[in-house]
Amino acid sequence: MPEAPDAVPGVNRPNLTPLDIIRAVVLVTAIASLALWGFAMWTMPWNLIFGIGAPVLVLLAWAFFLSPRPVLTLHPFVRAVVELLIYVGVTLAWWSMGQTWVGLGFALVAVTAGLFAGRRNLA
């Protein structure tokens, strides 16, 4: 019988939890929301600038500060502030599109997932 796929010698795989999946979905939703906001709420050529620029800035912030192996390591509380600023930006983008309840729903899910992840990282 072949070995189980998770029993490869010399390979350390991180444990993937449902919280990690929820946080990935929140990140993809944030990027898509900012792209939608940029393309829908601005006129040419600003829609291209904001529709591409805002998601790219969020991806750079995530890569530099929030990824599992960040480029720059921050204190956990500063890291939480960066994450909250992204969530506030996406929530305000939904509000500016006239979708208050969608923005509040996103904020609730994102902040809850961030709180659970933050508590897990502090423990």
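A residue is called buried here when its relative accessible area is under 20%. The model to which this criterion is applied is a predicted one. Of the 123 residues in the protein chain, 28% are buried. The chain contains four helices and zero strands, and its elements follow the order α-α-α-α from the N terminus. Among contacts between residues at least 6 apart in sequence, 49% join residues that are at least 24 apart.

The buried residues of helix 1 are L19, V26, L27, A30, I31, S33, L34, A35, W37 and G38. One of them, L34, is also among the residues with the most contacts inside the largest nonpolar core, together with V58, I86, Y87, V90 and F106. That core comprises 19 residues, and helix 1 (18-41), helix 2 (46-66), helix 3 (76-96) and helix 4 (100-122) each give two or more residues to it. In soluble globular proteins, nonpolar side chains tend to be buried together.

Helix 3 has 21 residues and extends 30 Å between its first and last C-alpha atoms, close to the 30 Å expected at 1.5 Å a residue. Its buried residues are V82, E83, I86, Y87, V90, T91, A93 and W94. When neighbours within four places in sequence are set aside, I86 contacts V58, A61 and L66.

The packing of helix 3 against other helices can now be considered. Two packed helices are described by the angle between their axes and the distance between the axes. How do helix 1 and helix 3 pack, in angle and in distance? Their axes are 9 Å apart and form an angle of about 45 degrees, and helix 1 is therefore oblique to helix 3. The crossing of helix 1 past helix 3 is left-handed. On the side of helix 1, the residues that meet helix 3 are R23, V26, A30, S33, L34, L36, W37 and M41; their counterparts in helix 3 are E83, Y87, G89, V90, A93, W94 and S96.

For helix 2 and helix 3, the axes come within 11 Å and cross at roughly 165 degrees. Because this angle is over 145 degrees, helix 2 counts as roughly antiparallel to helix 3. Helix 2 also passes helix 3 in a left-handed crossing. Here V58, A61, F65 and L66 of helix 2 meet R79, V82, E83 and I86 of helix 3.

Local features complete the picture. Leaving out residues up to four places away in sequence, N47 touches G38, F39, W42 and I52.

Two backbone details remain. Most residues other than glycine have a negative phi, and most peptide bonds are trans. The peptide bond from M44 to P45 is cis, with omega near -5 degrees, and P45 is placed in the loop between helix 1 and helix 2. After helix 3 comes G98, whose phi is positive, near 85 degrees.

Methods
Residues numbered from 1 in each chain as written. Predicted model: local features only at pLDDT ≥ 70, side-chain atom pairs only at ≥ 80, totals over all residues. Heavy atoms only, no water. Core = buried A, V, L, I, M, F, W, Y, C linked by side-chain atoms within 4.5 Å. Buried < 20%, exposed > 50% of the residue type's maximum accessible area, 1.4 Å probe, protein only. Contact = heavy atoms within 4.5 Å. Axes fitted to C-alpha atoms, helices over the stretch in contact; angles between N-to-C directions. Parallel < 35°, antiparallel > 145°, perpendicular 65-115°, else oblique. Left-handed = near helix turned anticlockwise from the far one by under 90°. Expected span 1.5 Å × (residues − 1).
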